[in-house]
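Here's a quick tour of one protein, taken a feature at a time. Keep the sequence and the 3D view handy as you read.

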Amino acid sequence: MKFTATLGAVAATLALGVNAQGCSQTIVRKEIRNVSPDEWSYYSYALYRMNKNGWFAWYSSIHDRNAGDIHGVAVFLPWHREFANQFELTARQFYPYFALPYWDAARDFSFPIASPVLTYKYLGGDGNRANNGCVTNGPQVGWTMGYPNNACLHRRFSNGDGTIPSWQSPEDVTRLIQTSSSFGAFAPGLEGGIHAAVHNGIGGDMATMWSPNDVAFFLHHANIDRIWWKWQNSRSGNMYSYSGRNSNGSSAQLSDNIPVFGGSVQSKMVVGQNSYCYSYDDNGSLSKRDEMVPSTNTPVISNPQMNLATALSYSLLQKYFPLLADSSPANTNSVDLPNGVSQKATQFANAAAKIIEDIVNNSHHASSHSSASASAPSAYAVSLAASSSNANNSTAVKVPVVSDTIASSTVATANSVNLEAPPVAAAANSSSSDLSQLTSNYKMPYPARIPEHWLTMHGIDLAVYEAEYQKSIQFVDDLNNAGYVSPYI
């Protein structure tokens, strides 16, 4: 392994980021499911060549040997931003068009093992227990990893039976983004939340300090970086927000030096300048033209039980999604709600629409309510509004604004409707016992608790973790009790 030579190569690339300079060319990091088979084939071959040249061993060694200075402390996010960026730059030495994909694991929260990302098509699956946990498919099958010794890539999905417990949902990640008004509040929730859950869920090498052996590490940390970048853009004062403690106990400052790679924390804070010449494929603002564009996910997007702005009471919105409830217009960086919905969610949306249509037809005669067809973009919402209003029609319920994505629909709805009107989910379940029974079959699961030994190994404060974990548990209870159904269930 050529540690000295490769460190020099990395140092050379760091010269790109000494001053705040713009990027002449920006690459787009895509969610792994948006990467074409041909792209992934080229990327996989570049990764294979990287390993043959000792780079995976180098990155794993650096991560392991500096673990105490970069976990459970303020520099966790900026250091890993730099680490993933350097990995991406190294990969381009082997394929010049390499753009590090990210894995939006929260999208798979309710049943991670069913994710296509954990199949031969992308990252591969669990390790073979009869063969020391060596992976049997995916891009790293047959590889010899060089650190901490020559061995295969190990995985051991954390349930111990080839499955993975639930972890944080996109809604919970959105809650963290919206309720964290400072870096000191946001970073521990992210590190001990979806970050820790995916490491533990995959297990094997991913549950150790040489976790960079696994390609999943880099896709996962690209996603952690994406979530941080969304948080940085969700409020005007977040971009350079930075606080907490360093590994030596001192107060964290933007002027602090980044371990291993050098440069100040401040120089790592902005994506799209210096050597951080990338963006994410989910970034973008809502325009007026977008608000009424039909979507392939229309049955879900038009379902008011599946839209946070219409399903929840104003008090719950204020508690968990203050940027949606605030009088100022929300922006799509404040929500992390991907547009890929689960088959189970689509089944709920279609079944619920049929129940509401039957309610309206039975109450008001089908001939006079032909607009209640489930094929119309807002039929479910319109029908529910009609069926759940009180006798003198003085109670108006909230109906979603149908847009091209779940995120933009949520934001557009929050910016358009009277959020203090009765929540639709409660009205839905009081309208029909059939709908109430249907909804009860689609409750969000709790995220799994992270083992104490892993938290301790990463220097994560156990009391802080417990407080954040209990927030997630209460959050799931409140959304389930409100009758909300996740598009990712």
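Is Asn51 buried or exposed? Asn51 counts as buried, because its relative accessibility is 12%; buried means under 20% relative accessible area, exposed over 50%, and partly exposed in between, using a 1.4 Å probe on protein chains only.

## Before we go on

What you're looking at is a predicted model, where local features need pLDDT of at least 70, side-chain atom pairs count only at pLDDT 80 or more, and totals for chains, interfaces and linings use all residues. Residues are numbered from 1 along each chain as its sequence is written, and side-chain values use heavy atoms, with hydrogens and water left out.

## Around Asn51

You'll find Asn51 in helix α2, which covers residues 37-52. Helices (H or I, at least four residues) and strands (E, at least two) are DSSP runs, numbered from the N terminus.

So who does Asn51 touch, not counting residues up to four places away in sequence? Phe56, Trp143, Thr144 and Met145. A contact here means heavy atoms within 4.5 Å.

## Two disulfides

A disulfide is a pair of cysteine sulfur atoms within 2.5 Å, and by that rule the count is two. One of them joins Cys23 and Cys277, with sulfur atoms 2.2 Å apart. The torsion about their S-S bond is about -85 degrees, so this disulfide is left-handed. Cys23 sits in the loop between α1 (3-14) and β1 (27-29), while Cys277 is in the loop between α8 (215-234) and β4 (278-280), so the pair ties together parts that are 254 residues apart in sequence. Cys277 counts as buried, because its relative accessibility is 17%.

Cys134 and Cys152 form a disulfide too, and their sulfur atoms are 2.0 Å apart. With -80 degrees about the S-S bond, that link is left-handed. The pair links distant parts of the chain, 18 residues apart: Cys134 belongs to strand β3 (residues 134-135), and Cys152 to the loop between β3 and α6 (170-179). Cys134 is buried at 12% relative accessibility, and Cys152 is buried with a relative accessible area of 17%.

Number the bonded cysteines in sequence order and the pairing reads 1-4, 2-3.

## A pocket to look at

On a 1 Å grid over the protein atoms alone, a pocket is an open set of points where a 1.4 Å probe fits, with protein on both sides within 12 Å along at least five of seven lines; lining residues have an atom within 4 Å of a point. The second largest pocket is lined by 15 residues, and Arg107, Asp108, Ala114, Ser342 and Gln343 lie nearest its centre.
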